[in-house]
Amino acid sequence: MGNVVLDNIIKIYDKKRVIDEVSLEVKDREFVVLVGASGCGKSTILRMIAGLEDITSGEISIDGRVVNNVSPKDRDIAFVFQSYALYPHMTVRENIAFGLKMRGVKKDVIEQKVLEAAEILDLTEYLDRRPKELSGGQRQRVALGRAIVRNPKVFLMDEPLSNLDAKLRVQMRSEIKKLHEKLQATFIYVTHDQTEALTMGDRICVLDKGKIQQFDTPENVYNKPANTFVAGFIGSLPMNFIDGSVIGREDVILGVRPEKMFCGNDILLTLDVDSVELLGSEKIIYFSIGERKCCAKIEASREVGKTVEIGIAQGDLHYFDKETLKRL
């Protein structure tokens, strides 16, 4: 069983809490993505699970065993780094086999495991090449192969695609998801990319300033954000916020996704256009509503003048408390 439990984890650097009472449970064979902006604490959490960072207080359990004082090599995890961390003087075969060789595994077992990993990752024809002879995507697959041969209960991945170009990132996202399905292991994956989080995770843990803001399915994080931070962070474009009020109740912050700004007639506004961006099949229109900067996503074929008429459906509105910023 590869379940991972964090119980009230705190990490203090220079008297500052960089991880603040984080508790979460990753189920066996689940693919969980930790997502947030740079400095939110996601990589620190991953490194604490791996044993590469000490925790100040709290408990980390893997497969029901508390591992606070267990060395990284004895935690039954594999860590895939952003930088690939391959040995340039070794072949692909030697890189994949290195960890097993250091553990004294028999040569014939190592060779079998290397060949199996190479087949899974489509690396068989590259086994005798060195890293400099490979593309970025191939190097990342070698790093994954080195993790696979260990047959760990838990795979930890720290922004493994951030060094790849946009097209290759899309391809590798799909490959990693297929790999998860094949291996039937637990994956904990760190990224700052919201698209990666939404497309890859069974559940997403959104972090800000060392605290969990929401831990839920991609659908709920996108459609029912817990607060304005999650609403503004998750999505290819941030949610628009509008100051408003509910009759007879209170002042609120209204939220609406950019792609929903032309989907109804409950709220109609004519606004001055600040600028327009063309993104292939889509256009992004920028404008202001009161003091708030907003945008709308429309089809590229739609004409846009100096003003734009916005139509919002009541059902597409999200409501947030103006004081706590939490979802109402």
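Student: How many residues in the lining of the largest pocket are nonpolar, how many polar and how many charged?
Tutor: The lining holds 14 nonpolar, 1 polar and 4 charged residues. Nonpolar here covers Ala, Val, Leu, Ile, Met, Phe, Trp, Tyr, Cys and Pro, charged covers Asp, Glu, Lys and Arg, and the others, Gly among them, count as polar. The model is predicted, so local features need pLDDT of at least 70 and side-chain atom pairs count only at pLDDT 80 or more, while totals for chains, interfaces and linings use all residues. Residues are numbered from 1 along each chain as its sequence is written, and side-chain values use heavy atoms, with hydrogens and water left out.

Student: Which residues lie nearest the centre of the largest pocket?
Tutor: Rolling a probe the size of a water molecule over the atoms shows where empty space is left. A pocket is an open set of points on a 1 Å grid over the protein atoms alone, where a 1.4 Å probe fits, with protein on both sides within 12 Å along at least five of seven lines; lining residues have an atom within 4 Å of a point. In this model, 19 residues line the largest pocket, and Phe79, Phe81, Arg103, Arg146 and Arg150 lie nearest its centre. Its space is about 410 Å³, the volume being what is filled by probe spheres set on grid points joined across faces, edges and corners.

Student: Which element gives the most to the lining of the largest pocket?
Tutor: Strand β6 does, with 4 residues. At least two lining residues come from each of β6 (77–80), α2 (92–102) and α4. Helices (H or I, at least four residues) and strands (E, at least two) are DSSP runs, numbered from the N terminus.

Student: What lines the second largest pocket?
Tutor: Its lining consists of Met90, Arg93, Glu94, Ala97, Phe98, Lys101, Val105, Lys107, Ile110, Glu111 and Val114. By class these are 6 nonpolar, no polar and 5 charged residues.

Student: Are Phe31 and Phe187 buried or exposed?
Tutor: Both are buried, meaning under 20% relative accessible area, with exposed over 50% and partly exposed in between (1.4 Å probe, protein chains only). Phe31 and Phe187 also belong to one aromatic cluster with Phe155 and Tyr189. Another pair, Phe229 with Phe233, is stacked, at 5.6 Å centre to centre and 10° between the planes.

Student: Why are Phe229 and Phe233 separated by about one helical turn?
Tutor: Because they are 4 residues apart in helix α8 (residues 228–233). Phe229 is partly exposed at 24% relative accessible area, whereas Phe233 is buried at 13%.

Student: Where does Arg257 lie relative to Tyr222?
Tutor: A charge sits over a ring if NZ of Lys or CZ of Arg is within 6 Å of the ring centre and within 35 degrees of the ring normal. Arg257 lies over the face of Tyr222, 4.0 Å from the ring centre.

Student: How many salt bridges does a search of the whole structure find?
Tutor: Side chains of opposite charge can pair when their charged atoms come close. A salt bridge requires a side-chain nitrogen of Lys or Arg within 4 Å of a carboxyl oxygen of Asp or Glu. The search finds 15. Among them is Asp20 with Lys211, whose closest N and O atoms are 3.2 Å apart. The pair links distant parts of the chain: Asp20 is in strand β2 (residues 16–26) and Lys211 in strand β10 (residues 211–216), 191 residues apart. Asp20 is buried at 16% relative accessible area, while Lys211 is partly exposed at 36%. A network of salt bridges links Arg17, Asp20, Glu21 and Lys211.

Student: Which parts does the salt bridge of Lys153 and Asp63 tie together?
Tutor: The closest N and O atoms of Lys153 and Asp63 are 2.4 Å apart. Lys153 lies in the loop between α4 (136–148) and β7 (154–158) and Asp63 in the loop between β4 (57–62) and β5 (65–66), so the pair ties together parts 90 residues apart in sequence. Lys153 is partly exposed at 31% relative accessible area, and Asp63 is partly exposed at 29%.

Definitions and conventions
Phe/Tyr/Trp six-rings, centres within 6.5 Å; stacked < 30°, edge-to-face > 60°.
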